[in-house]
Amino acid sequence: MGKKNHEWRDSPTDTLRVNAGFSIADFDCASTPGFTGHKRHSSQLMEERGRILSDLQERLFAEGRSEGNRSVLLVIQGMDTAGKGGIVRHVVGLVDPQGVQHHSFGVPTEEEKSHDYLWRIDNALPTPGHIGVFDRSHYEDVLVVRVHNYVEPAVWGKRYDEINAWEAKVVASGTRIVKCALMVSKEEQLNRLEERLDRPDKYWKYNPHDLDERSYWDAYMEAYQAAFDRCSTDIAPWHAIPADRKWFARLAVTELLTQALEDMNVTWPAAEFDIQTEKQRVAALRAAK
Ligand code: AMP
Ligand code: MG
């Protein structure tokens with residue numbers, strides 16, 4: 001008998017997808033749905049899938065260099081400490097940085113504020129052949145903005161439909177959108193905040209303001225629920241990723257990204273020159289040496 005192969009029993013594209021009736025209140029942030037292994041099995045699978053992801057990403061990059069117009073957009077949302085940075089480092093880090101266009105979205109600058117909320121997002125869309133990564137996104141405009149009523153409810157209330165229309169346009173232009181919400185529990189967030197204060201190598205991640213935001217936890221969960229209810233569409237579904245176990249969240253996002261690229265059937269572009277002619281030219285150089 002060979003070594004037991006720990007893998008996905010059910011694909012996270014199905015098990016983690018937010019469908020009608022999904023309820024955050026019933027969601028287990030520490031669960032590992034669909035995965036047959038444990039933490040110790042995840043690194044091997046990360047490596048295996050990472051190699052495939054990296055190969056697919058290179059094909060996409062090559063396609064973008066020829067006539068292709070396709071790209072991928074990974075949208076990462078989550079409460080403070082949910083592990084957004086870890087996804088960038090450990091999942092996005094599996095592929096060639098040349099093919100990645102990363103943007104994090106913080107409090108809008110004066111210039112950004114002078115435009116529509118989708119202006120800065122539009123400007124950050126990946127160009128052909130790239131994997132765009134949004135660490136926070138246009139969803140902040142229906143999350144933090146909704147929780148604090150930074151704009152009138154009538155204004156943020158219209159944004160769900162606007163976001164769906166905008167995402168439909170983006171998908172139609174050749175960008176595959178993979179939306180991942182890292183769901184950390186309130187208890188685990190406290191553990192992680194404590195850890196940040198205990199470790200000098202984590203002080204830089206600690207922001208006193210995160211504690212203020214934590215006191216709005218229930219309002220944030222309502223806002224996430226609304227974003228899921230209204231913006232988990234067929235063309236750009238949300239995935240709710242249990243994030244109390246970092247290894248699982250990273251493995252799951254790796255799989256979602258890999259499967260998205262597999263689905264796109266990216267093939268190596270054909271040569272845009274005559275191969276025989278070029279071979280003869282090189283052979284002539286070789287012979288002349
Ligand atoms: P961090 O990701 O930890 O660097 O924090 C970025 C901060 O910017 C978070 O507190 C977000 O809630 C905040 N932020 C992001 N987008 C917006 C927005 N559109 N309006 C207000 N605050 C935002
Ligand atoms: Mg932060």
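Is Arg159 buried or exposed? Arg159 is buried, with a relative accessible area of 8%. Keep in mind that this is a predicted model. Here are my notes.

1. **Arg159 and its partner.** Arg159 makes a salt bridge with Asp141, with the closest N and O atoms 3.8 Å apart. Arg159 sits in helix α7 (residues 153-172) while Asp141 is in the loop between β3 and α6, so this pair ties together parts 18 residues apart in sequence. Asp141 is buried too, with a relative accessible area of 8%.

2. **The ligand site.** Asp141 turns up again around ligand 1, whose surroundings also include Phe105, Gly106, Pro108, Val144 and Val145. By class, the shell has 5 nonpolar, 1 polar and 4 charged residues.

3. **Polar contacts to ligand 1.** A backbone N or O atom of Val107 is 3.1 Å from an oxygen atom of the ligand. Glu140 puts a polar side-chain atom 3.1 Å from a ligand oxygen, and a side-chain N or O atom of Arg120 lies 3.2 Å from a ligand nitrogen. Taken alone, ligand 1 exposes 500 Å², and the protein buries 72% of that.

4. **Arg136, also by the ligand.** Arg136 is one of the residues surrounding ligand 1, and Arg136 forms a salt bridge with Asp80, the closest N and O atoms being 3.0 Å apart. Arg136 is in the loop between β3 (131-135) and α6 (144-147), and Asp80 is in the loop between β1 (71-78) and α3 (84-90), so the bridge ties together parts 56 residues apart in sequence. Arg136 is partly exposed at 21% relative accessible area, whereas Asp80 is buried at 17%.

5. **Other salt bridges.** The structure holds 19 of them. In one, Asp161 pairs with Arg230, the closest N and O atoms being 3.4 Å apart. Asp161 is in helix α7 and Arg230 in helix α10, so parts 69 residues apart in sequence are tied together. Arg230 counts as partly exposed, at 39% relative accessibility. Elsewhere, Glu195, Arg199, Asp201 and Lys202 are linked in a salt-bridge network.

6. **Helix α10 again.** Asp229 lies in this helix, which spans residues 217-231, and counts as exposed because its relative accessibility is 53%.

7. **Cysteines.** Searching the whole structure gives 0 disulfides. For Cys29, the nearest cysteine sulfur is that of Cys180, 15 Å away. Both are buried: Cys29 has 12% relative accessibility, and Cys180 has a relative accessible area of 1%.

Note on methods
Residues numbered from 1 in each chain as written. Chains lettered and ligands numbered in written order. Predicted model: local features only at pLDDT ≥ 70, side-chain atom pairs only at ≥ 80, totals over all residues. Heavy atoms only, no water. Near = heavy atom within 4 Å. Polar contact = N/O pair within 3.5 Å; in protein donor to acceptor, adjacent residues only side chain to side chain. Areas by Shrake-Rupley, 256 points an atom, 1.4 Å probe, with all protein chains shown as cover. Nonpolar A, V, L, I, M, F, W, Y, C, P; charged D, E, K, R; others polar. Helix = DSSP H or I, 4+ residues; strand = E, 2+ residues; numbered from the N terminus. Buried < 20%, exposed > 50% of the residue type's maximum accessible area, 1.4 Å probe, protein only. Disulfide = S-S within 2.5 Å. Salt bridge = Lys/Arg side-chain N within 4 Å of Asp/Glu carboxyl O.
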